[in-house]
Structures are given as structure tokens and as C-alpha cells.
Amino acid sequence: MAESSYPIGADWARRAERVIPGGLNSFSRHLGRPYGFARSSGAHVWDFEGNRYVDYHAAFGAIVLGHNDPDVDRAAAEGSQPLDLVGIGITRPEVELAELVCSVIPSADQMICCTSGSEATFHAVRLARSVTGRRLVVKVQGGYHGWHDAVARNVISPPELAYGMDPMSSGILPETLESTLIAEFNDLTSLEELYSRHPEQIAAVIVEPVPHNVGSLIPDPGYLEGLRKATEAQGSLLIFDEVITGFRHALGGWQEISGVMPDLTSFGKAMGNGYPVAGLAGRHEYMQQFNSAGGSVLLAGTFTGHPASCAAAVATINKLRDAKVFERTAELGQRMRDGLTGIVAELGIPAVVRGYGSVWCLYFLDGEIHGYRDLMRNDDDRYREYHRRMTDRGFLMLPMSLKRNHVSFAHTEEDIDATLEASRDVLRELA
Ligand code: PLP
């Protein structure tokens, strides 16, 4: 369909509002005003009106090679030929994917396929409770692990609710919410306090090794090692939620970079370069609980291990392995971070640029950043205004303050430089 023949976004937004609650299929897809998208390719997406955007939103980080990567698209199409979904027995792509993941992820002996990151962390928490016979789970303030009841609290909390009770949804049983305890990232003392208040009751600590759901909190030296030591000493499982860091920062995820081995690891997003596929991997003794012959943890799902998604993931991971994707995207990410750092310094704006590899974010605050407590100084209004003006200029980023942006293998130096030029203009206006 020619771009000009797409109905305009506002019409589609009205149609959507009539039949989809709020007109959006996920709470975090709001862009301030109606936007509809019709085409994507490489580093770019086009809205219904045919306007082109340089895309750093990247479907919340699911796109790592670039949109519509031809090798991944071809593999997905071929993945459901000569058979689509049978739903019984096994298919080749799901076995190939599990073999590949177990060969590149240092702590993975076995893996189960899931269709979303939320499903992966759901299984991780349930498995940890089963293995330890304990009830409680610890997450950090600011960490996001999906929408299910055990983890849907205390992500981007306002100061009055941070570290207290801040559910993301109504309808969650209070006892479920209370079974999840909140620690501070980069603060081992906050975890020790929870262990001393709840001895032998904590089943697992679940953590994004780099909490990218609040931008980019880099672990202080010794922090992840400290988590590993404490969980081991206390008989809890350590779950690394690598749904963002996995297949984005290194083939073996943050565990490869840090050398800290979790008991369980969840993956999703970049793993399939946009196709719906996720996974949970871990030590054999724990993963065997999912074995229906002898294990006691339920594993089920009509679409789990779908051949098209698994084939897309195999193609993505092979491409990540063969091409110099991590080096190239890190180079471009650094160009963005250096450029923005120079601009905010030149304009004297109280802002800091953070990130790692292909990820970058702009916090509107001054001073040191270690944990969520520091991020509460962020000027959210200023971010929202920066975001709105950048979108108007054709640069698509995450709409929420305190989130991160992503460079893909398809971006170029020209894309980065154009983004920096537009940022300079916008930040000057905001200064
Ligand atoms: N874990 C992390 C770290 C995430 O960032 C997300 C999604 O943003 C999830 C889990 C949930 O993944 P999904 O949206 O695929 O359910």
C-alpha cells in the first residue's frame, strides 16, 4: 500500500478507542497524542501519514538488528514451513533455539520457551518458590519484570510511594503484593535488612543486572557479586532478569560481562529481533522441575516454542554471533552518549547522560547516580518536553521519563549526528 493511501492516524485512533480500551494494547504505548505506525525498515519507522522517524524506542528494546531484518524475516517465514503449529511433540526450531541459548549463556544448562518476558519471570518466581519451599521474593525499587502479580509493584514510583506499597494495578491480592519485598539497587545493606527481618522466608532475589527500566543504573563494583554471595548464604535463588540486557549487551548477557552467575535467567525482547519469543534458562537441577515426568512445576502454553518465533530467534542469535553487532552498536551508542554529554555541558543544563553499549539515556538531574533514590531528583516535566519536541522533529524515543533508548545495528553515524543536532536545538530551547 502506498504511504499516502493510509488513513490518517487520528481516524485510526478514533476507531481504536471504540474497540480497544483507551485505544492502546499496552499501558505504556501512549505518546502524548494519537500516533499510528504503518511501516518499518532498518533504523526507521513511518507513521500513518508517511512521516519518517529515526527509531530509538525499538519496541522497548526488542529490535537489536534493525527493523525487518531480512535474515530474521526469512527465517520466521521458513520456520512455519513446511509446518506451522502442531502443539504436540517437538519441532526443530525450538530444539535448535534451546541448544543455541545453552551454548552462549554461561549459566544455562537448560531452557524453556515462553512467548513474553512476563511469562519467563512468572515461571522463574514460581520455580524459585517450588525449589526453596519459601514464600517471599525480593525485587528492587525501579526494577520491572513484567505485568504479573508477583512483580507488578514499585517500578517508577512517586517519592511518596517509593519503597512503600506501590502496585502497578488494582486487582492484585494484598497478600501477593506483600509477598514481594523491595530493596534498593546497589545497596546490599537494604537486602541484608530484608533477610534479617524475614529469615529463611525469601525464595529469590530477582533483579535486572542493569536496571534499564529506570534508564541505566550500572552496578557498582562488587554489587552483583554481593547479591550472589548473599543469596547463596541465605538459601535463596538469584534470578537475573536479562529481558533487556540479554542479546543486547553481549551474546552471553550481563552475566558474561560481570562474570556473576545467576541460578535462573529470563530473556525476551532482542532475542527474536521483534518476534514474540522469550525464555527462562538455568541450572539443570532447577530446570528439571519443569520436566512433566518427575518435576512438580507446571509448564504449559499453546504457543510456547512456536516454530516461526523460534526460527526468528535462532536467526537473530546467529547473526549476533557472526556479525560485529555488539561492537558496532556500542560504538554508535558511545557516539550518542559523548555527543549529548558535550551538548548538555555546552548549554549548562543540569543533566547527565548514562548508558552502556547500544543503550543511552538522558536524566535531567545533577550529581551521582547509584540507585532509584538518586533518580527521584529527575525533572520529569523537562524530559517530557524534550521527548515531545524530539518526536515532532522525527526522533522516536521512549515516552516515559527515566527510561532508556536503543541504537540498533541498522543505525548509522548520520542518524546519530542528526539526533544530536536536533537535541542541541531542543535542549537550547529548554535551557
Ligand atoms: N523484564 C524486563 C527487564 C522488562 O523490561 C520487561 C518488559 O519491558 C519484562 C520483563 C516483561 O517482558 P514482556 O513485556 O515481554 O512481557
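A salt bridge is taken here as a side-chain nitrogen of Lys or Arg within 4 Å of a carboxyl oxygen of Asp or Glu. The model is predicted, so local features need pLDDT of at least 70 and side-chain atom pairs count only at pLDDT 80 or more, whereas totals for chains, interfaces and linings use all residues. Residues are numbered from 1 along each chain as its sequence is written, and side-chain values use heavy atoms, with hydrogens and water left out.

By the salt-bridge rule the count comes to 20. Glu 385, Arg 388, Arg 389, Asp 392, Arg 393 and Glu 429 are joined in one network of such bridges. Within it, Arg 388 and Asp 392 meet at 3.4 Å, N to O; these two residues sit four apart in helix α14 (residues 380-392), about one helical turn (helices are DSSP runs of H or I with at least four residues, strands runs of E with at least two, numbered from the N terminus).

A further bridge links Asp 263 with Arg 228, the closest N and O atoms being 2.9 Å apart. Asp 263 belongs to the loop between α9 (253-258) and β9 (264-267) and Arg 228 to helix α8 (residues 223-234), so the pair ties together parts 35 residues apart in sequence. Both Asp 263 and Arg 228 are buried (under 20% relative accessible area, with exposed meaning over 50% and partly exposed in between; 1.4 Å probe, protein chains only).

Turning to the ligand, a polar side-chain atom of Asp 241 lies 2.6 Å from one of the ligand's nitrogen atoms, and a side-chain N or O atom of Lys 269 is 2.8 Å from a ligand oxygen (polar contacts are pairs of N or O atoms within 3.5 Å; within protein, one must be able to donate a hydrogen and the other to accept it, and residues adjacent in sequence count only if both atoms are side-chain atoms).
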